[in-house]
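Here is a friendly note to read beside the model. Keep the viewer open and look up each residue as you go.

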Amino acid sequence: MYLRLYLYFMQFHAASLGSAIPKNNFDATIQSLFDSSLNLRLEHEDRLITILISDHYNLPQGIRLDEKIPLHSLTVGLRAASRGGILRFDSSPLTIDLRGAPIWEGKIPSLILPSEQAWSITWRVLNEQQRLKNTELIADDLFQSRSLHPPFGQRAGQAEQGSLLARRLRQPILQLIAAAEQLDSRSAKDAAQNMIGLGPGVTPSGDDVLIGFLAGLHSTAGNEKERLAFIQTFGESLLLLSEETNEISRTYLYHAIHGQFSSSMIALLDAIHNGDEPRLVLVSKETMRVGHSSGMDSVTGLLIGLCVWNKENSYA
C-alpha cells in the first residue's frame with residue numbers, strides 16, 4: 001500500500017509544453033540540474049529541452065510543471081525516455097505525463113514599434129535594477145554618448161567607464177547596431193563573434209544580449225523582405241558561432257534565431273507596445289529577475305534591437 005502511494009505521488013502532469021518538445025518518442029540524458037529546473041540533452045540532436053517548475057514561465061524548449069517535483073532523486077548523466085507521452089527516468093519512479101498539455105509556441109508578435117516613452121521607462125528600470133543588483137553589465141555604460149543612433153561611441157576626451165565586461169562588449173555592440181541598420185550580415189557576424197560566450201553565468205552576458213537583440217529585430221522586421229533576409233542570414237552565421245559557447249546558451253540562441261522566446265520576453269514586448277506605465281514597470285522587473293543577470297542582459301539586447309529599424313524615435 002505504501003509503495004503504491006509513493007509511486008502515485010511520483011507521477012506528475014506537464015502544465016504546458018514548448019513547441020520544440022519532440023512530438024514522438026525520444027531518448028535523452030540529464031545534462032544539468034538546478035534548484036527548480038533540469039536540462040535534458042536529446043539523443044542525436046545538438047540541443048536541450050528544459051524541465052522547469054513554474055506557475056507561468058514558458059520556454060519554447062520547456063516542459064513546465066506547476067508543482068514541485070523531487071529533483072533530488074535525479075542525477076546528471078541519468079538516462080530518460082519518453083514513450084507514448086510518458087517521460088520516465090532510469091532508476092527513479094518519477095514520471096511526467098506529457099499527454100494533453102497545451103503547447104507554448106513562443107513566437108514573437110511582429111511589428112511592435114515602441115513609443116519613446118515606453119522605451120525610456122524600460123531603459124530606466126533596467127539600469128536601476130542592474131545597479132541595484134550590482135551586475136557586471138550596466139546598459140548605460142555601453143553608450144557613453146547617450147545615443148543609440150549614429151554617431152556612436154564616446155565623446156571626445158571622455159574617459160573609459162564601466163566594468164571590464166561592458167568595455168569589452170561596447171565596440172562589438174556598436175558594430176552590431178551599425179551592421180543591422182545597414183543590413184550587413186557579414187559585419188554583424190564579425191561583431192557577434194566578439195560577443196559569443198563573453199561574460200559570466202550559465203548563459204554568458206554576450207549571448208543573452210544577442211538573444212534579446214534578435215527579439216528586437218524579429219518584432220520590428222514586419223514583412224520587409226530585406227530585414228527578414230538579414231535576420232535569416234545573420235541567424236545562420238550565429239548558429240555556427242554558437243558552437244563557441246555552452247550547450248544551454250546554444251539552445252536559447254537556436255530558438256531566438258528561429259524567432260522563439262520565453263513567455264516573459266513576449267510579455268515584456270506586449271507591455272512595451274501597450275505603454276501602460278504601471279504594468280510596464282511590473283513586467284519589466286519580472287523579466288529582469290530571470291537568472292542572476294540573464295534577464296537584465298537579455299532586456300539590454302531587446303531594447304537595443306528595438307531601436308535599429310525604428311527611425312521615428314531618437315532615444316536618449
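1. Before you start. This is a predicted model, in which local features need pLDDT of at least 70 and side-chain atom pairs count only at pLDDT 80 or more, while totals for chains, interfaces and linings use all residues. Residues are numbered from 1 along each chain as its sequence is written, and side-chain values use heavy atoms, with hydrogens and water left out.

2. The sheet. Find the open sheet of 10 strands, which run in the order S1-S9-S8-S7-S3-S4-S5-S6-S2-S10 with mixed pairing. S1 (11-13) and S10 (103-104) are the edge strands; each has a single partner strand, so one side of each has no neighbour in the sheet. Strands (E, at least two residues) and helices (H or I, at least four residues) are DSSP runs, numbered from the N terminus. Two strands count as paired if DSSP finds at least two bridges between them.

3. Around S3. Strand S3 (residues 26-33) pairs with strand S7 (residues 79-83) in the antiparallel sense over 4 bridges, and with S4, also antiparallel, over 5 bridges. Which residue stands opposite Thr 29 in S7? There the facing residue is Arg 79, whereas in S4 Thr 29 stands opposite Arg 41. A hairpin through 3 residues joins S3 to S4.

4. Around S4. In strand S4 (residues 37-42), 5 of the 6 residues are buried, so the strand is largely enclosed by the rest of the structure. Here buried means under 20% relative accessible area, exposed over 50%, and partly exposed in between (1.4 Å probe, protein chains only). S4 pairs with strand S5 (residues 48-53) in the antiparallel sense over 5 bridges, and Asn 39 has Thr 50 as its bridge partner in S5. The hairpin of S4 and S5 has 5 residues between the strands, and His 44 takes a positive phi near 70 degrees in it.

5. The largest pocket. Its volume is about 1000 Å³, and 39 residues line it, with Tyr 57, Tyr 252, Val 290, Gly 291 and Ser 294 nearest its centre. Elements that give two or more residues to this lining include S4, S5 and helix H5 (205-220). Helix H7 gives the most, with 4 residues. A pocket is an open set of points on a 1 Å grid over the protein atoms alone, where a 1.4 Å probe fits, with protein on both sides within 12 Å along at least five of seven lines; lining residues have an atom within 4 Å of a point. Grid points are joined across faces, edges and corners, and the volume is the space filled by probe spheres set on the points.

6. The second largest pocket. About 150 Å³ of space lies here. Among the residues that line this pocket are Leu 17, Pro 22, Lys 23, Ser 82 and Ile 103.

7. Thr 95. This residue is found in strand S9 (residues 95-97). Is Thr 95 buried or exposed? Thr 95 is buried, with a relative accessible area of 16%. Leaving out residues up to four places away in sequence, Thr 95 touches Met 10, Gln 11, Phe 12, Ile 86, Leu 87 and Arg 88; contact means heavy atoms within 4.5 Å.

8. Helix H8. The buried residues of H8, including Met 265 and Leu 268, pack against S10, helix H2 (116-133), H5, H9 and H10. Just after H8, Gly 275 takes a positive phi of about 80 degrees.
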